[in-house]
Amino acid sequence: MSSPKLFEPLQLRGVTIPNRIMLAPMNQHSAIEGYTSDFALVHLGKFALGGFGLIMTEATAIERDARIAPGDLGIWSDDHIPGLRRICDFLHDMGSVTGIQLNHCGRKGSSQRPWQGFGALNEADIARGEKPWPLVSPTAEALGPGHVLPTELSHAQIRKIVESFAHATKRADAAGFDVVEIHGGHGYLIASFLTPQINKRNDDYGGDRAGRMRFGLEVAEAVRASWPDHKPLF
């Protein structure tokens, strides 16, 4: 009998995934200042033990202020690399391919963890030491009542964020990841640029579809240029 397609290897550029089973990125909100922990190692490691071909980390912030919530995983500093490498090494030893999802929250950050309500950080959160942080967006419009009012991004700030995606990509390579994925949905920064409901700019990064796509395409080009040619980009 032939084996199901699900269990056949998949070749993407120079990376061979041992089967077609992929762990989707699932935020665990267990990091402290972006650093991984034993929780992250065990959480992701159990899927490698279970035979997943590709294991993707949760949304990982490219800048400190790019976090969705205080416990987000981070890759905005070289200091984050050793913890991420520890995870990659274990997953590789178990036969899995490793992936990391890079994200910028945009206006949808400075939020509580899901089990705390996923609303804006409030006085109780601040008393716990989790203070709100500044946010950015295509236009200065808050996510909702009580949420931090984001700053409308200037061209210089946009260029800096594109560079942050590129730097995060190089760190991902140094940590040993095989696949990098750009988060372009869920109302985070790239998605905010794409939709005219949020992006009300009238410059090169707004207006028609080409303008609204410009930021996302610049991020994709910067990430691809910073990522080894033999490794796939999602």
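Predicted model: local features only at pLDDT ≥ 70, side-chain atom pairs only at ≥ 80, totals over all residues.

Helices H1 and H2 are roughly parallel to each other, because their axes cross at roughly 20 degrees and angles under 35 degrees count as roughly parallel. H2 also packs against H4, at an angle of about 50 degrees, and that makes H2 oblique to H4.

**Packing of H1 with H2**

- Helix H1 spans residues 38-49, and its axis comes within 9 Å of the axis of H2.
- The crossing in which H1 passes H2 is right-handed.
- On the H1 side, the contact is made by Asp38, Ala40, Leu41, Leu44, Gly45, Ala48 and Leu49.
- H2 contributes Arg86, Ile87, Phe90 and Leu91 to this contact with H1.
- Eight residues of the contact between H1 and H2 are nonpolar, one is polar and two are charged.

**Packing of H2 with H4**

- Helix H2 covers residues 81-93 and helix H4 covers residues 155-175; their axes lie 8 Å apart.
- The angle of about 50 degrees between H2 and H4 makes H2 oblique to H4.
- H2 passes H4 in a crossing that is right-handed.
- Five residues of the contact of H2 with H4 are nonpolar and two are charged, with no polar residue present.

Definitions and conventions. Residues numbered from 1 in each chain as written. Heavy atoms only, no water. Axes fitted to C-alpha atoms, helices over the stretch in contact; angles between N-to-C directions. Helix = DSSP H or I, 4+ residues; strand = E, 2+ residues; numbered from the N terminus. Parallel < 35°, antiparallel > 145°, perpendicular 65-115°, else oblique. Left-handed = near helix turned anticlockwise from the far one by under 90°. Nonpolar A, V, L, I, M, F, W, Y, C, P; charged D, E, K, R; others polar. Contact = heavy atoms within 4.5 Å.
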